[in-house]
Amino acid sequence: MAYGFSEYGGPETQQFFDVPVPSPGPGQLLVAVHAAGVNPADWKVRAGTRKDTVPVTLPAVLGREVAGVVADVGPRVTGFAVGDAVFGATATGFGGYTEYTLVNTASAAHKPEPVSFADAATLPVAAGTAYDALTTLDLAPGSRLLVVGAGGGVGVAALQLAAAWDVTVIGVASESKREIVESLGATWVASGDGLAARIPGPVDAVFDLVGGDALAEAARVVADPAAILSTGDPLAARDLGGSGVERRRTSAVFAELAALVADGTLDPRVAHRFPFAHAGDALAMVESGHTSGKVVIEFG
């Protein structure tokens, strides 16, 4: 059983449907899913706005990140065995809102025992994006980082990772996200018109998750335009002198993130858990744009 969409469009295209249990190919794991992360990218794929970068075969299963237990291994798999608790990004053509899915070993990692399946399931997309962005920027301790869209899943992970690396963070978010931004040690700045005038002083880098006018305003206060990274509008970032975020999705990155969760450095902040039967409600909550913390679908 899986949950996905039958054609590009709105929530009305979403449905449950039967899918066969896939067979893992070379270098792949068949994972019995215990938890699946829910992200804004999921509904954007359904809406058709990611057609150029995320090709799908309809009907398509939603979701891109899971945690679970290895049920089978494909040829030439090393380092993983049936029964291992793992997490990772789903293989191309396979989704996460389903009882069984495929994960490439290159994009999978072992789940440490102290880390819950729900927490692990949120790491490949949001925390992984934040990690890749910050390691690309490679800011020295004491540097000043502006995070635009700091209250969402990627932003919350970025604030925590930056704090762990002694980077000073200014987080742009709505008033409703002020508490979470400040609780993570960042200086909160209200989003909206005239953003540049509210940012306290110049910054060494910008990590943008919003795009549009907010990105243009943020670019006015960065010392070096090359230090602008954006997932909100990578093309606009390039026009400003910066770039998009190059995602790695590797076992090494995922293992590092899991270790940071295990030692308490990183809290995925899973705030909402939905049973698989209510997968549509989980995605609707994320699509509303008003969630604080991560949303997870749980199986079993």
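Two strands are taken to pair if DSSP finds at least two bridges between them. On this basis, the predicted model contains an open sheet of three strands, in the order S2-S1-S4. The pairing is antiparallel. Strands S2 (14-17) and S4 (60-61) stand at the edges. Each has a single partner strand, so one side of each is left without a neighbour in the sheet. Strand S1 spans residues 2-5 and pairs with S4 in the antiparallel sense. Two bridges join S1 and S4. At this pairing, Gly 4 stands opposite Val 61 in S4.

Helix packing was examined next. Helix H3 covers residues 123-137, and helix H9 covers residues 251-262. Their axes come within 10 Å and cross at roughly 100 degrees. Angles of 65 to 115 degrees count as roughly perpendicular; H3 and H9 are therefore roughly perpendicular to each other. On the H3 side, the contact is made by Leu 123, Pro 124, Ala 127, Gly 128, Tyr 131 and Asp 132. H9 contributes Val 253, Phe 254, Glu 256, Leu 257, Ala 258 and Val 261. By class, nine of the contact residues are nonpolar, one is polar and two are charged.

A UniProt annotation from an unreviewed entry, "domain: Enoyl reductase (ER)", covers residues 9-297. Within the model, this span is 29% helix and 26% strand. The C-alpha atoms at the ends of residues 9-297 lie 22 Å apart.

Notes: Residues are numbered from 1 along each chain as its sequence is written. This is a predicted model: local features need pLDDT of at least 70, side-chain atom pairs count only at pLDDT 80 or more; totals for chains, interfaces and linings use all residues. Side-chain values use heavy atoms; hydrogens and water are left out. Axes are lines fitted to C-alpha atoms, for helices over the stretch in contact, and angles run from 0 to 180 degrees between N-to-C directions. Helices (H or I, at least four residues) and strands (E, at least two) are DSSP runs, numbered from the N terminus. Angles under 35 degrees count as roughly parallel, over 145 as roughly antiparallel, 65 to 115 as roughly perpendicular and the rest as oblique. Contact means heavy atoms within 4.5 Å. Ala, Val, Leu, Ile, Met, Phe, Trp, Tyr, Cys and Pro count as nonpolar, Asp, Glu, Lys and Arg as charged, and the others, Gly among them, as polar. UniProt positions are given in the numbering used here, feature names are shortened, and annotations may be inferred rather than shown by experiment.
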